[in-house]
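Look at the fold below before reading on. Follow the chain from one end to the other, then try each question yourself.

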Amino acid sequence: MTNPALRTAVTDLRPYVPGRRAQSALAAALASNESHYPPLESVLKVVADASGRLNRYPEISSIELRERIAEHVGVTAAEIAVGPGSVGVLQQIITAMCDAGDEVVFAWRSFEAYPIVVGLAGAVAVPVPLRDEGHDLAAMVNAITARTRVVLLCSPNNPTGVAITASELESFLDQVPPQVLVVVDEAYFEYAGTPETALSAYRRHPNVCVLRTFSKAYGLAGLRVGYAIASSELADGLRRTAIPFGVTSIAQQAAIASLDAYDEMRERVVPVIAERRRMTAVLRTYGWSIPDSEANFIWIRTTEALREHLLSAFAAEDILVRGYPNDGIRITVADPESNDRVLRVLRRSRP
């Protein structure tokens with residue numbers, strides 16, 4: 001008797017590998033790019049109040065949240081789609097845009113979920129190697145074919161931290177066919193020293209979609225809220241492909257409260273930027289080649305032998321970092337004490 005078989009697209013997938021979790025209170029958990037700060041008090045209060053209504057389904061269209069996001073970014077609620085984290089919205093995008101065999105172009109290495117989401121849809125992933133730790137936009141234009149439906153741009157790029165400038169994005173968009181959707185994933189844009197967001201490009205180019213999340217700078221990683229800014233027609237399609245009730249009532253209310261506390265969020269981002277710059281400067285004096293990150297992490301390109309050595313050295317000091325086989329190591333920027341622990345390890349292991 002034959003047992004039920006999984007789709008080939010599923011059996012061929014390499015599973016998403018999350019950052020390791022801390023096993024002790026002394027561990028420096030710097031592997032998952034979470035905010036190192038606890039939730040804002042005003043947000044915690046809203047979460048506590050909303051928890052008393054857990055017996056009820058959430059508002060299915062997330063209209064209050066969509067209206068609040070729209071007000072925040074300067075668009076209409078019809079141009080907003082929300083989902084369980086930006087990766088959830090990304091899955092809605094690929095589902096809405098791609099049939100089996102369609103192509104999705106993205107830089108590599110970039111966000112590890114990209115090939116997973118593309119593969120699940122039966123679409124074809126077209127990875128384009130990075131150049132100087134950033135997107136090789138010229139090569140990405142050349143990778144577009146008649147089968148290309150979507151191009152994914154991660155800015156700042158995860159895991160290297162390198163951002164795409166406004167002028168680079170504009171030049172790229174001028175060369176992309178208008179029927180190809182360009183998704184600019186801005187999960188970390190709040191950490192950029194001088195943010196150049198894709199919103200202005202979205203207003204000029206109908207084929208641009210901007211993807212954002214509350215998981216990083218706003219500190220709601222455990223509640224999973226992300227959103228897309230897209231044409232009203234595309235945003236409607238994303239809402240159609242969403243899992244019903246996928247964004248919980250608590251998550252919706254916490255996201256609204258987070259936007260209300262925008263200034264408090266910015267106050268938390270400033271020291272992260274300062275620490276990132278400090279660590280980068282110090283590590284360069286040690287001889288490490290560190291790209292200019294605009295995110296809440298730093299990136300070290302390594303050989304495989306050096307990667308294994310560094311992972312062991314960090315583990316010996318109870319520090320969790322994210323290793324990428326054959327590529328390098330990503331280290332989340334945290335508080336000064338934790339960051340100093342990182343610097344001590346890398347000083348001893350200098351190239």
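The questions below go from domains to sheets, then to a cavity and some backbone details.

This is a predicted model, in which local features need pLDDT of at least 70, side-chain atom pairs count only at pLDDT 80 or more, and totals for chains, interfaces and linings use all residues. Residues are numbered from 1 along each chain as its sequence is written, and side-chain values use heavy atoms, with hydrogens and water left out.

Q: How many Å separate the centres of domain 1 and domain 2?
A: The protein chain is divided into domain 1 (18-38 + 263-349) and domain 2 (41-260). These bounds come from an automatic or database domain assignment. In their contact (heavy atoms within 4.5 Å), 25 residues come from domain 1 and 22 residues from domain 2. Taken over C-alpha atoms, the centres are separated by 25 Å.

Q: Which strands stand at the edges of the seven-stranded sheet?
A: Strands (E, at least two residues) and helices (H or I, at least four residues) are DSSP runs, numbered from the N terminus; two strands pair if DSSP finds at least two bridges between them. Seven strands form an open sheet with mixed pairing, in the order β2-β8-β7-β6-β5-β3-β4. Each edge strand has a single partner strand, so one side of each is left without a neighbour in the sheet. The edge strands are β2 (80-83) and β4 (124-129).

Q: What is the bridge partner of V182 in β7?
A: Strands of a sheet pair through backbone hydrogen bonds, either parallel or antiparallel. Strand β6 (residues 181-185) and strand β7 (residues 208-213) run parallel, joined by four bridges. The partner of V182 is V208.

Q: What angle does the direction of helix α4 make with that of β7?
A: Axes are lines fitted to C-alpha atoms, for helices over the stretch in contact, and angles run from 0 to 180 degrees between N-to-C directions. Helix α4 (residues 85-97) packs on the sheet and touches several strands, among them β2, β5 and β8. The angle with β7 is about 155 degrees.

Q: Which residue stands opposite R301 in β12?
A: A three-stranded open sheet has antiparallel pairing and the order β9-β12-β11. β9 (297-301) and β11 (322-324) stand at its edges, so one side of each has no neighbour in the sheet. Five bridges join β9 to strand β12 (residues 328-332). The residue opposite R301 is G328.

Q: Which charged residue lines the largest cavity?
A: On a 1 Å grid over the protein atoms alone, a cavity is a set of points where a 1.4 Å probe fits but cannot get out, and lining residues have an atom within 4 Å of a point. The lining has five nonpolar residues, two polar and one charged. Asp, Glu, Lys and Arg count as charged; Ala, Val, Leu, Ile, Met, Phe, Trp, Tyr, Cys and Pro as nonpolar; and the others, Gly among them, as polar. The lining consists of S35, P38, L40, A217, Y218, G219, M265 and, as the charged one, R268.

Q: Where does P156 lie?
A: Most peptide bonds are trans. S155 and P156 are joined by a cis bond, with omega about 0 degrees. P156 lies in the loop between β5 and α7 (166-175).

Q: Where is the place of S62?
A: Most residues other than glycine have a negative phi. Phi of S62 is positive, near 50 degrees. The place of S62 is the loop between α2 (41-50) and α3 (63-73).

Terms used: 1 Å grid on protein atoms, 1.4 Å probe; cavity = no way out; pocket = protein on both sides within 12 Å on 5 of 7 lines; lining within 4 Å.
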